[in-house]
Amino acid sequence: FASVEQATQLHLKGKPVITGAERGVVIAASYEAKACGVERGMQVHEAKKVCPELIVVPSNYETYTLFSKRMFDIIRRFTPQVEEYSIDEAFADISGLRRLYRCSYAEIAQKIKTAIESELGITVSIGLSSTKSLAKLGSKFDKPSGLITIPGRDLEDFLAKNTIDKVWGFGRNSVALLHKQGIYTILDFIKRPHRLAVKLFGKIGSELWHELSGTSVYPVDSVEKTTYASISKFKTFSPSSQDAEYVFARLLRNLEKAIHRMRRFKLATKRIIVTLRTHAFRDHSLEITLSRATNAILDLVKPVKEHFDKLFEPGMRYRSTGIVLCDLKD
């Protein structure tokens, strides 16, 4: 979101920028702001103490959604097999395209990266490998504007440099369990027998063991959804927190992401489920029924905050929040 603001308001380029002025909470921070110590979920007044030169702008969700659609459209110019994983993240299958483009896979990835950055004015980071798990790992390795290639011949060296907590699919408790088994790097994990992964985590453990070993298990799902019975967004954060403002900021982030998707398909919701999960993995939920269907975030923040206040118990530590938008209407 902050990158889009910098792309559309050129005077913000290279400056510490955050979005969230309308909430008083940091929704997104530019890399310059992050370098000063600003983090998502902070109160704006606290962020200004950390970074006095901070520029605070209101969120513009219509523009963010437009940029997202344009980014996915650019990727689809290179390959039809594109999975929209989130508003700012995609998986693209480029296997078999070297002959068409008469260049290597790394060069195809670079062409995609150059096209997005030149046409949209935002930076993107790309991971290139044989599986989705490895590609996602690579995309996080060199931000901003990185391109990391993980070929099979260098796989073990790369995995030896990355700790197990960086794996897409392993949360805080999974990492703690792996540490008890003497597994600290991703290489440690794949060097252990497959049966250990199955014993510890079942089907997911088996899939991740294969994916991180270089054998693709998760295909790129390029079928674009056009209808939804409900839309949900849950997110775990670490460490768990008993700070009400921080936990609500996380819940608000989930609400915004769910609404982005709902608006994209021209839907509105009449019923919302708010969930808080404690550190002990116990879920507490409340349901909100609205008088009319809406897809405007300003209509939803107040009732969500009221129900959050009913759910949140002072002194209780929470590890994740969730939003489910139900009864979707055209």
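Rings of Phe, Tyr and Trp (its six-membered ring) are taken to pair if their centres lie within 6.5 Å, and planes under 30 degrees apart count as stacked, over 60 as edge-to-face and the rest as tilted. On that basis a search of the whole structure, which is a predicted model, finds 13 aromatic pairs. In one of them the ring centres of Phe-248 and Phe-308 are 5.2 Å apart and the planes stand at 55°, so this pair is tilted. Because Phe-248 belongs to helix H12 (residues 244-264) and Phe-308 to helix H13 (residues 297-311), the pair ties together parts that are 60 residues apart in sequence. Both Phe-248 and Phe-308 are buried, where buried means under 20% relative accessible area, exposed means over 50%, and partly exposed lies in between (1.4 Å probe, protein chains only). Elsewhere, Tyr-85, Phe-91, Trp-168 and Tyr-218 form one aromatic cluster.

Some conventions apply throughout. Since the model is predicted, local features need pLDDT of at least 70 and side-chain atom pairs count only at pLDDT 80 or more, while totals for chains, interfaces and linings use all residues. Residues are numbered from 1 along each chain as its sequence is written, and side-chain values use heavy atoms, with hydrogens and water left out. Helices (H or I, at least four residues) and strands (E, at least two) are DSSP runs, numbered from the N terminus.

A second open sheet, of three strands, has the order S2-S1-S3 with mixed pairing. Its edges are strand S2 (28-29) and strand S3 (55-57), each with a single partner strand, so one side of each is left without a neighbour in the sheet. Strand S1 (residues 17-19) and S2 run antiparallel and are joined by two bridges, with Thr-19 opposite Ala-28 in S2.

The packing of helices can be followed from H7. Eight of the eight residues of H7 are buried, so this helix is largely enclosed by the rest of the structure; Lys-132 and Lys-136 are included among those buried residues. Helix H7 (residues 132-139) and helix H11 (residues 194-213) pack at an angle of about 65° with their axes 7 Å apart. The two helices are therefore roughly perpendicular to each other, given that angles under 35 degrees count as roughly parallel, over 145 as roughly antiparallel, 65 to 115 as roughly perpendicular and the rest as oblique. H7 contributes Lys-132, Ser-133 and Leu-134 to the contact, and H11 contributes Leu-208, Glu-211 and Leu-212.

In the loop between H7 and strand S7 (147-149) lies Pro-144, and the peptide bond from Lys-143 to Pro-144 is cis, with omega near -5°. Most residues other than glycine have a negative phi, and most peptide bonds are trans. Leu-147, in strand S7, is partly exposed at 24% relative accessibility. Leu-147 and Ala-109 are 38 residues apart in sequence, yet 7.9 Å apart in space, C-alpha to C-alpha.

Arg-102 lies in the loop between helix H5 (98-101) and helix H6 (105-120) and is exposed, with a relative accessible area of 78%. Asp-327 sits in the segment after strand S11 (318-326) and counts as partly exposed at 34% relative accessibility.

Terms used: Axes are lines fitted to C-alpha atoms, for helices over the stretch in contact, and angles run from 0 to 180 degrees between N-to-C directions. Contact means heavy atoms within 4.5 Å. Two strands pair if DSSP finds at least two bridges between them.
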